[in-house]
Amino acid sequence: MKTKFLKTSSVMLFMLFTVSAIISCSKEDTAEPIPPVPTCEMIKVSGKIDKPTVWEPGFVYVIEGSDLRIESVLTIKPGVIVKVKNARIGVYENGKILAEGTSEKRIIFTSLADDRYCGDTNGDLLATKPEKGDWVSINLSGTVGSVFKYVDIFYAGQSSGGTNRAVDIAWSQSASFTFDHCRIAHTMDGPRSDSQAFYGSSAMVDDKVSKFTNNALYDNGKPIYFNAFYTLDPSNVFHNPEKPSEKNKHNGIYLYGTVKDKSVAWNIKEVPYVVNQYFQVANASTINIGPNVTVKFMSSSAGLHRNAPQNIILNPTAVLTSYKDDKQGGDTNADGNITVPTKGDWTGFRNAYGGSPSWQQGPNILYAAN
């Protein structure tokens, strides 16, 4: 018996066809025709999913104009294509997404105008092309256990409440999810400081609960944001694996918040860690800043403060510097040569133990006020 597919308040199923080649208008035009892209039957999805549902390969699932609300388990099989326009995919209480693709059959979330997957779904031939911000985001809120493996999330980041994100984690406590071998790219860059392609929020604290491994983030504004005491796995990269020169506009790991009695390793070397707070590290907390790691501070009020020798362990080859310092970790603020680093761009590294408080000095502590 053939599996029944999703039933929602609006479901339409029909076959689409694509143009197999572009006709040359000139005898001198020797360009190769665009190869045909296999088409898929389309299922339009809207409303909410409130019972266990399976999306099968061979179809393109279209979410257009209104948000999809997931309140049960949505299982997405390898090879499924999901196209979205002007909408958000929201996962709420009792809901989760289980999207487990494979290296040969990735699962794709992309723009409705993206003809690379399942052909010309919007039926406009070459009139439109995918753009950053064509759809909003995948929002994980009030749920646990969503899984994304071998999943691509392209062309999201349409402004919502003033922020631009592709994946938005909205937990108020430790966030439980898995993202593994995913690609998050072409996200709209927003002006607000809390606009990041992957917004892990302050709830992304424990790397055994919030699992983020083997992922690639590229062609975004700010790629990722999470709690300062979350240890990001070094298997993640901040460039296009197929085109290493394609990176992010503000290529860095953006940090927020403090958690007591916890240890973290800042050990990514490809991009700098970016701090916009004054971190007072005390009690049993430890920040271990590894070899050849760069940490940049965004404002004159940002800095580090330790109350015991073990609170902040700074490798001799690590660099603490200004957000404007392009020589260390690249042009993270993406302004070319408009700004240059100067003394006082950030507060400094303060020791507050063993007698009188003092400011840490050294050849790798650059442009601090103290």
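## Arginines and aromatic rings

Arg69 comes out at 37% relative accessibility, so it counts as partly exposed (buried is under 20% relative accessible area, exposed over 50%, partly exposed in between, with a 1.4 Å probe and protein chains only). This is a predicted model, where local features need pLDDT of at least 70 and side-chain atom pairs count only at pLDDT 80 or more, while totals for chains, interfaces and linings use all residues. Residues are numbered from 1 along each chain as its sequence is written, and side-chain values use heavy atoms, with hydrogens and water left out.

**Around Arg69**

- Arg69 sits in strand E6, residues 68–70 (helices, H or I, of at least four residues and strands, E, of at least two are DSSP runs, numbered from the N terminus).
- Arg69 lies over the face of Tyr92, 3.8 Å from the ring centre (a charge sits over a ring if NZ of Lys or CZ of Arg is within 6 Å of the ring centre and within 35 degrees of the ring normal).
- Not counting residues up to four places away in sequence, Arg69 touches Gly47, Lys48, Ile49, Gly90 and Tyr92 (contact means heavy atoms within 4.5 Å).
- C-alpha to C-alpha, Arg69 and Gly47 are 6.3 Å apart in space, and 22 residues apart in sequence.
- The side chains of Arg69 and Glu71 are joined by a polar contact of 2.4 Å (a pair of N or O atoms within 3.5 Å; within protein, one must be able to donate a hydrogen and the other to accept it, and residues adjacent in sequence count only if both atoms are side-chain atoms).

**Other arginines**

- Arg165 puts its charged end over the ring of Tyr199, 3.4 Å from the centre.
- Arg183, in strand E17 (residues 183–185), is buried, with a relative accessible area of 17%.
- A polar contact of 2.5 Å links the side chains of Arg183 and Asp152.

**Aromatic pairs**

- Searching the whole structure gives 15 aromatic pairs (rings of Phe, Tyr and Trp, the last by its six-membered ring, pair if their centres lie within 6.5 Å; planes under 30 degrees apart count as stacked, over 60 as edge-to-face and the rest as tilted).
- Phe177 and Phe179 pair edge-to-face, 5.5 Å centre to centre with 75° between the planes, and both are buried.
- Phe179 and Phe212 have ring centres 6.3 Å apart and planes at 40°, so this pair is tilted.
- Phe179 is in strand E16 (residues 177–180) and Phe212 in strand E19 (residues 210–213), so the pair ties together parts 33 residues apart in sequence.
- One aromatic cluster is formed by Phe148, Trp171, Phe177, Phe179, Phe198 and Phe212.
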